[in-house]
Amino acid sequence: MRAGIAFLIAAYMLSQFYRAFLAVLAPALASDIGATTGDLARASGLWFAAFALMQLPVGWALDHLGPRRTAATLFLIGGAGGATLFATAQSPAMLSAAMILIGIGCAPILMSTYYIFARQFSAAVFGTLAGVTVGLSSLGNILAAAPLAILIDTFGWRATVGGFAALTAAIAIAMALLVRDPEKPQGEAKGSLLDLLRMPQLWPILVMMFVCYFPAAGLRGLWISPYLADRFGADLAQLGTATLVMGLAMVAGNFAYGPADRLFRSRKWPILIGNLGVAALCLGFWAVPPTGATAAIAMFALIGLLGASYPIVISHGRSFCPPHLTGRGVTLLNLFGMGGAGVMQFASGPTFATLADTRTGAEAYGALFGLIGLVILIGLAIYSRAEDRTG
């Protein structure tokens, strides 16, 4: 089972890579096939949308088929297949189609891992295990930064993405061989997704899931590179370094949030405090924009650190889910998390274009990031009414 979990974590590392690699690929895609920032925002949004929409069938599959078949099959067909299509893309439309496939392939990976943790470990340590898993997997963000820039410069973007397609296929096959499905409890009660949606305790947490993931993932996955390039003239190597710094901050944040519920004996307060900091930083780009690249990178890094609350929000919601609805519970939460990221990524492109029509580039970026901060504050106001659970 340990080997199977190790390959699930490796697969989720690639999932983190695929959702973040467009930021570094952007210059090459623009020069080779004419992909604009709007095209890439759309492709990134489609990744998140496909990932989110797959959560409901994935939840059913986890509860009925188990994580081994669910994760290995989708990762091989969608993940490896989509990466192959991406490597051969000749137009922005093909990039979008490839990102949809990759999103489908990556959809079951983390939830399969969480399903195994929920079945085999106590609720008290679930948050720590979830944080460690996402923390280790966030190394995919690191891979999608300076190392990816070096690979692209050495081998070209098509050969580089093709290599990752082959790696994705190899990991999918390893999961099929090594992942072990946990035993199901005898005499499980019947239930459905509607049972979860009828629980009032879940709704404030679902709202928090909707707003908490995009600031770190969306800014790291797309907006950090055009912001630094347009405002401060950063080149590919500098963009690789900047995304590396933010990626490392996200790794640190995931490890920090993991045991936070047990340290503070609360799941709610670390989430509130951390995301309030993210909102303040996003608003800071609008109210007091950084005057140099170093200050901007530091602000992005802090957003990555404080915005890594995803595992503990999942843990908070999972604590209300009955055992027989574990699979559907964690995937419902993930649906809102990825769905929120997808909606905001879709909206960010046209919103920026509209803002740029009447503002300078610097003002448009600041206004966009400020709007993100306002959305987080609205989510926090609703989440503040959530029932707390101690670690």
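A residue is called buried when its relative accessible area is under 20%, exposed when that area is over 50%, and partly exposed in between, with a 1.4 Å probe and protein chains only. The legends below concern a predicted model, in which local features need pLDDT of at least 70 and side-chain atom pairs count only at pLDDT 80 or more, whereas totals for chains, interfaces and linings use all residues. Residues are numbered from 1 along each chain as its sequence is written, and side-chain values use heavy atoms, with hydrogens and water left out.

View 1. S96 lies in helix α6, which spans residues 92–106; helices (H or I, at least four residues) and strands (E, at least two) are DSSP runs, numbered from the N terminus. The relative accessible area of S96 is 11%, and the residue is therefore buried. Leaving aside residues up to four places away in sequence, S96 touches A43 and L46, a contact being heavy atoms within 4.5 Å.

**View 2. The buried side of helix α10.** Helix α10 comprises residues 146–155, and its buried residues are A146, L148, A149 and I152. These residues lie on the same side of α10 because they cover an arc of only 160 degrees around the axis; the arc is that of the directions from the helix axis to the C-beta atoms. An α-helix has 3.6 residues a turn, so residues three or four places apart point the same way. The buried residues of α10 pack against α1 (2–20), α2 (22–33), α9 (139–143), α11 (157–178) and α15 (236–257).

**View 3. The opposite face and the end of helix α10.** The exposed residues I150, T154 and F155 are carried on the face of α10 turned away from its buried side. After α10 comes G156, with a positive phi near 90 degrees.

**View 4. The loop residue R265.** R265 is placed in the loop between α16 (260–264) and α17 (268–287). Its phi is near 55 degrees, a positive value in a residue other than glycine. The relative accessible area of R265 is 54%, and the residue is therefore exposed.

View 5. The chain contains 21 helices and 0 strands. Of its 391 residues, 58% are buried. Among contacts in the chain with a separation of 6 or more, 85% are between residues 24 or more positions apart. Along the principal axes, the C-alpha atoms fill a box of roughly 60 × 45 × 30 Å.
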